[in-house]
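Colleague: Could you walk me through this structure, one question at a time?

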Amino acid sequence: MTLMLFITLLFNLFALLLILIRPKLFQTKLFRPMITNFKLSVIPLFILIGTLVLQLFFAWLSAITSVTFLDIISSLILIIGLAVWLIFLPNAGYLVTELNLTHREIDKVEVPIWYDIVAVLSLAISGVLNTALNIVLLQFTFIIYFDPANFTAINTPTFWLLTWLVFPLLSFGIYLGRYIRFNTWDLFHPIQFIQKLMKHFREKEHRREAFVFTILLGVFLALFYALTFLNPLWEIIK
């Protein structure tokens, strides 16, 4: 598990470095949307870690003071934090959409295609690794909240069903961001959000496209999670 965390960190740093040094190497402009998308990719990790730290802090305060109200605050922090995390989570996997290489269209100097393939592929993989890491942290959050003394007790069909259900939800969120151009903050305007959503899905072709995109990308992300983090996690909780 520690090795995979280290590899995830390295991929993020490597991808960011390739984006930042591209203008210096090839005398072209920095493509700032990639930097923005990279920052958004790591935000869910900070939200989830912050939620877990706060929840554990109030749970600890409740345990040492025997104040029941602190337990309620602890639970509210977990519920609200997870809701916010789920809203931001598609930003982690959204980096896979950078594979279209549209940033090359604004270049006034031709950048070698091999460089952009390495750079954008690294960026996409960093996003997928961030996504897988988020899922693992979610699993540990539930383990710590429901049964911190006995990891194996949480190893149930319900636990794994909820884990796998996150992937299609995540993939659908990425679809909304890529093809309807929804941003996380659009949820602060729910009426316009719903209207735009309904208008898009009135088209049968869009409904089919969203379904196929959600299933295929969801399977891809789930397989990547299984490849990278599932075995180390299984060794811990089996």
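The questions and answers below go from the overall fold to its contacts and spaces.

Modeller: Before we start, this is a predicted model, in which local features need pLDDT of at least 70, side-chain atom pairs count only at pLDDT 80 or more, and totals for chains, interfaces and linings use all residues. Residues are numbered from 1 along each chain as its sequence is written, and side-chain values use heavy atoms, with hydrogens and water left out.

Colleague: Which pattern does the protein follow along the sequence?

Modeller: Helices (H or I, at least four residues) and strands (E, at least two) are DSSP runs numbered from the N terminus. The protein has eight helices and zero strands. Read along the sequence, that gives α-α-α-α-α-α-α-α.

Colleague: Are helix 2 and helix 3 roughly parallel or roughly antiparallel?

Modeller: Axes are lines fitted to C-alpha atoms, for helices over the stretch in contact, and angles run from 0 to 180 degrees between N-to-C directions. Angles under 35 degrees count as roughly parallel, over 145 as roughly antiparallel, 65 to 115 as roughly perpendicular and the rest as oblique. Here the two axes come within 8 Å and cross at roughly 175°. Helix 2 and helix 3 are therefore roughly antiparallel.

Colleague: How do the residues of the contact of helix 2 with helix 3 divide into nonpolar, polar and charged?

Modeller: Contact means heavy atoms within 4.5 Å, and among the residues making it are Ile43 and Leu54 of helix 2 and Ile77 and Trp85 of helix 3. Ala, Val, Leu, Ile, Met, Phe, Trp, Tyr, Cys and Pro count as nonpolar, Asp, Glu, Lys and Arg as charged, and the others, Gly among them, as polar. The division is 16 nonpolar, six polar and one charged.

Colleague: At what angle do helix 6 and helix 7 pack?

Modeller: Phe172, Tyr175, Leu176 and Tyr179 in helix 6 meet Phe193, Leu197, His200 and Phe201 in helix 7. The axes of helix 6 (residues 157-179) and helix 7 (residues 190-201) are 12 Å apart, and the angle is about 90°. That makes helix 6, relative to helix 7, roughly perpendicular.

Colleague: Which residue forms a salt bridge with arginine 22?

Modeller: A salt bridge is a side-chain nitrogen of Lys or Arg within 4 Å of a carboxyl oxygen of Asp or Glu, and by this rule the count is one. Its closest N and O atoms are 2.8 Å apart. The pair links helix 1 to helix 5, with partners 94 residues apart in the chain. The partner of arginine 22 is aspartate 116.

Colleague: Which helix gives the most to the lining of the largest cavity?

Modeller: On a 1 Å grid over the protein atoms alone, a cavity is a set of points where a 1.4 Å probe fits but cannot get out, a pocket is an open set with protein on both sides within 12 Å along at least five of seven lines, and lining residues have an atom within 4 Å of a point. Grid points are joined across faces, edges and corners, and a volume is the space filled by probe spheres set on the points. The largest cavity has a volume of about 80 Å³, and Arg22 is one of the residues closest to its centre. The most lining residues, five, come from helix 5.

Colleague: And which helix supplies the largest share of the lining of the largest pocket?

Modeller: This pocket has a volume of about 720 Å³. Of its 30 lining residues, those closest to the centre include Gly173 and Gly177. The largest share, eight residues, comes from helix 6.
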